[in-house]
Amino acid sequence: MAEVSIGTASRVINGNDTVGADVRGRVLSAIEALGYRPDAIAQSMRRGSTQIIGCVIRDINIPSLAAFVHAAHNVLDQAGFSLMVSNSEGRTDRERELLNRLNSQRSDGIMIGPYSPMTPAFDKFLRELSAPIVMVDRDEPGWADTVMADHAGATRKATRRLIEAGHTRIAILTGAETLYPARARINGYLAAFAQSGLEVDRSLVRATSFLSHASFRQTSALLASDDPPTAIIAGGIDMLAGVIRAVRVRELRIPHDISIVGAGDSELAELHSPAISVQHWDQGEIGRTAATLLLGRIQKTAGPNPEHVLIPSEFIERDSIAPPKTRPR
């Protein structure tokens with residue numbers, strides 16, 4: 001219909017810029033008239049690329065993770081790639097299953113969130129993936145590109161602010177220390193105590209899980225203890241709801257009875273009465289950076305050495321911090 005060779009039609013379909021405007025117009029008109037659609041599977045076999053990027057996160061329902069996905073999608077979409085998102089549900093076995101599936105489907109690249117601890121076995125598993133990877137909010141493995149938030153800096157600032165308000169019994173709830181976000185937050189918390197010349201009660205450091213139901217259990221146990229904390233730092237983006245629920249069960253008032261700091265800004269933190277102070281970082285910037293790093297590997301424009309990018313974070317103070325009701329003896 002376009003009166004060109006198969007090769008010329010193919011070059012137009014695949015975006016080759018060596019075809020003249022007149023010929024390109026004839027081919028595009030024929031495509032529209034015929035309702036032609038390329039066979040994506042056949043194209044991927046021919047060029048050895050599926051144009052699909054895999055992404056494994058814990059739960060797309062967490063608003064800040066949705067911001068990460070949206071930003072990454074926009075970067076990849078502009079480069080002609082589709083983004084396939086899978087939920088690991090915070091389970092190590094589920095994460096491995098999803099990564100194997102994405103690898104077997106020949107994804108061109110994979111972004112991986114911070115859920116499985118970095119063991120020698122997991123390191124070996126990642127090395128055997130055929131697609132390039134970018135680790136999101138992880139500082140390991142050292143041989144891979146990584147992008148992470150400065151959780152240590154924001155937690156240090158939050159802890160210092162609580163100490164300045166008079167708190168010495170400050171609890172921090174976060175995930176297992178084998179994972180970067182938890183380890184970084186605990187380091188920031190300990191640094192703030194050290195800078196203030198105060199000793200840390202390690203019983204107030206609860207590093208078990210990032211999940212909301214775990215923060216509810218841990219907060220409930222702390223508040224029921226003989227010497228409860230006067231302030232709590234929720235060190236995970238899904239943990240604030242569990243902390244607030246446990247505080248309400250005991251009919252405590254924020255900040256009159258207890259001060260609260262969350263991790264990651266959210267509608268819950270902003271619209272809660274009183275508004276909750278938070279450690280904040282730009283999840284959209286993490287998504288854009290992760291996608292850009294991955295495109296660099298796929299398109300072979302990145303350098304030979306892995307890139308480790310640290311996204312700045314800040315502490316946003318709102319109305320959830322006040323001096324402790326009674327000073328510890």
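Visitor: In which sense do strand 6 and strand 7 pair?

Guide: Strands of a sheet pair through backbone hydrogen bonds, either parallel or antiparallel. In this predicted model, strand 6 (residues 170-174) pairs with strand 7 in the parallel sense, over three bridges. One of the bridge partners is Ala207 in strand 7, which faces Thr174.

Visitor: Which helix packs on the sheet?

Guide: Helix 8 (residues 180-195) does, touching strand 6, strand 7, strand 8 (231-235), strand 9 (259-263) and strand 10 (277-281). The direction of helix 8 makes about 165° with that of strand 6.

Visitor: What is the order of the strands in the open sheet?

Guide: The six strands follow the order 7-6-8-9-10-12, and their pairing is mixed. Strand 7 (205-207) and strand 12 (313-316) each have a single partner strand, so one side of each lacks a neighbour in the sheet. On average, neighbouring strands are turned by 15° against each other, direction ignored.

Visitor: How are the residues of strand 9 arranged, and are they buried or exposed?

Guide: In a regular strand the side chains alternate between the two faces of the sheet. Here Ser259, Val261 and Ala263 point one way from strand 9, whereas Ile260 and Gly262 point the other way, and all are buried. Strand 9 runs parallel to strand 8, joined to it by three bridges; Val261 is the bridge partner of Ile233.

Visitor: Which residues make the nonpolar surface patch?

Guide: Met1, Ile13, Leu34 and Tyr36 make a patch of about 430 Å². Leu34 belongs to helix 2 (residues 21-34) and is exposed, with a relative accessible area of 57%.

Methods
Residues numbered from 1 in each chain as written. Predicted model: local features only at pLDDT ≥ 70, side-chain atom pairs only at ≥ 80, totals over all residues. Heavy atoms only, no water. Pairing = 2+ DSSP bridges. Helix = DSSP H or I, 4+ residues; strand = E, 2+ residues; numbered from the N terminus. Axes fitted to C-alpha atoms, helices over the stretch in contact; angles between N-to-C directions. Contact = heavy atoms within 4.5 Å. Patch = residues over 30% accessible without salt bridge, like charges linked within 9 Å, V, L, I, M, F, W, Y side chains within 5 Å. Areas by Shrake-Rupley, 256 points an atom, 1.4 Å probe, with all protein chains shown as cover. Salt bridge = Lys/Arg side-chain N within 4 Å of Asp/Glu carboxyl O. Buried < 20%, exposed > 50% of the residue type's maximum accessible area, 1.4 Å probe, protein only.
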